[in-house]
Amino acid sequence: MGLLVMILGLVLFLGVHVVTSLRELRADLVKAMGEGPYKIAYSLASFAGLALIIWGYGHYRATGWIDVWTPPVAFKHITVALMLPAVILVVAAYIRGRIYTTLKHPMLAGVKLWAAAHLLANGDLGSIILFGSFLGWAVYDRISLKRRTDAGAPPIPVGGPTNDLIAIAVGVIAYLALAFAFHPVVIGVPVMGA
């Protein structure tokens with residue numbers, strides 16, 4: 001049951017994000033609904049999808065675990081190491097400096113790194129579906145960005161190297177919070193747990 005709920009959440013969450021990449025469809029929806037109602041519907045659908053993903057994955061982990069392969073212990077250490085740059089990249093998407101200008105889409109790079117790292121450390125079916133779906137979406141979205149004629153989001157000012165230092169500092173703090181507070185409490189698994 002949990003796995004199906006998680007998959008439904010993935011379809012909803014990633015589906016609305018794919019709609020955003022289909023600029024003509026998005027424009028038609030905005031024209032039909034209006035900008036404000038479209039953004040509200042998008043946000044509600046994203047939130048509902050995320051809630052279904054979290055609930056479904058938690059329920060699956062508690063009651064329906066299906067092993068596919070057993071990752072070596074070293075992969076968990078690699079995942080922990082890869083998460084630091086992944087978090088910094090996500091932060092750099094909003095605190096824009098040289099990292100942003102070099103990568104152009106650090107958010108997607110961070111999501112890809114997060115998903116790939118978690119695929120290394122988790123060999124169960126639910127994790128493969130969850131992290132594989134996010135990895136697939138991030139690859140798709142990066143490819144679709146190359147074909148878009150617009151940026152897709154309001155511009156955020158780009159600073160210099162100082163913004164990079166701030167992004168790195170905020171990223172390190174966020175990484176530590178995710179590793180030692182969020183992950184064990186919300187996910188129910190210590191970062192270096194079994």
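Here is a short chat about why some features of this predicted model get the labels they do.

Visitor: Let's start with helix α8. Why is L176 called partly exposed?

Guide: L176 lies in α8, residues 161-187. Its relative accessibility is 42%, and buried needs under 20% while exposed needs over 50%, so L176 lands in between and counts as partly exposed.

Visitor: What makes L176 part of a nonpolar surface patch?

Guide: A patch residue needs over 30% relative accessible area, and L176 has 42%. The patch is made by L165, I168, V172, L176 and F180, about 480 Å² in all.

Visitor: And which residues of α8 are buried?

Guide: Those are D164, A167, G171, Y175 and A179. They pack against α4 (73-92) and α5 (98-103).

Visitor: What makes the phi of K104 worth a look?

Guide: K104 has a phi near 70°, a positive value in a residue other than glycine. Most residues other than glycine have a negative phi. You'll find K104 in the loop between α5 and α6.

Visitor: Why does K104 count as exposed?

Guide: The cut-off for exposed is over 50%; K104 comes in at 52% relative accessibility, so exposed is the word.

Visitor: On to α7. How do you know that its length agrees with what a helix of 23 residues should span?

Guide: At 1.5 Å a residue, α7 (residues 125-147) should span 33 Å. The end C-alpha atoms are 33 Å apart, so the two values agree.

Visitor: What do the buried residues of α7 pack against?

Guide: They pack against α1 (2-21), α3 (35-63) and α6 (106-121). Among the buried ones are L130, F131, F134, W137 and D141.

Visitor: Why is D141 called buried?

Guide: Buried means under 20%, and D141 has 9% relative accessibility, so it qualifies. Its side chain meets that of R148 in a salt bridge.

Visitor: What makes that pair a salt bridge?

Guide: The N to O distance is 2.7 Å, and the limit is 4 Å, so D141 and R148 pass. R148 is buried too, because its relative accessible area is 15%.

Visitor: How many salt bridges does the whole structure have?

Guide: Three. E35 takes part in one with R26, where the closest N and O atoms are 3.4 Å apart, and in one with K39, at 3.5 Å. Shared partners join R26, E35 and K39 into one network.

Visitor: Why are E35 and K39 separated by about one helical turn?

Guide: Because they sit four residues apart in helix α3.

Definitions and conventions. Residues numbered from 1 in each chain as written. Predicted model: local features only at pLDDT ≥ 70, side-chain atom pairs only at ≥ 80, totals over all residues. Heavy atoms only, no water. Patch = residues over 30% accessible without salt bridge, like charges linked within 9 Å, V, L, I, M, F, W, Y side chains within 5 Å. Areas by Shrake-Rupley, 256 points an atom, 1.4 Å probe, with all protein chains shown as cover. Helix = DSSP H or I, 4+ residues; strand = E, 2+ residues; numbered from the N terminus. Buried < 20%, exposed > 50% of the residue type's maximum accessible area, 1.4 Å probe, protein only. Contact = heavy atoms within 4.5 Å. Expected span 1.5 Å × (residues − 1).
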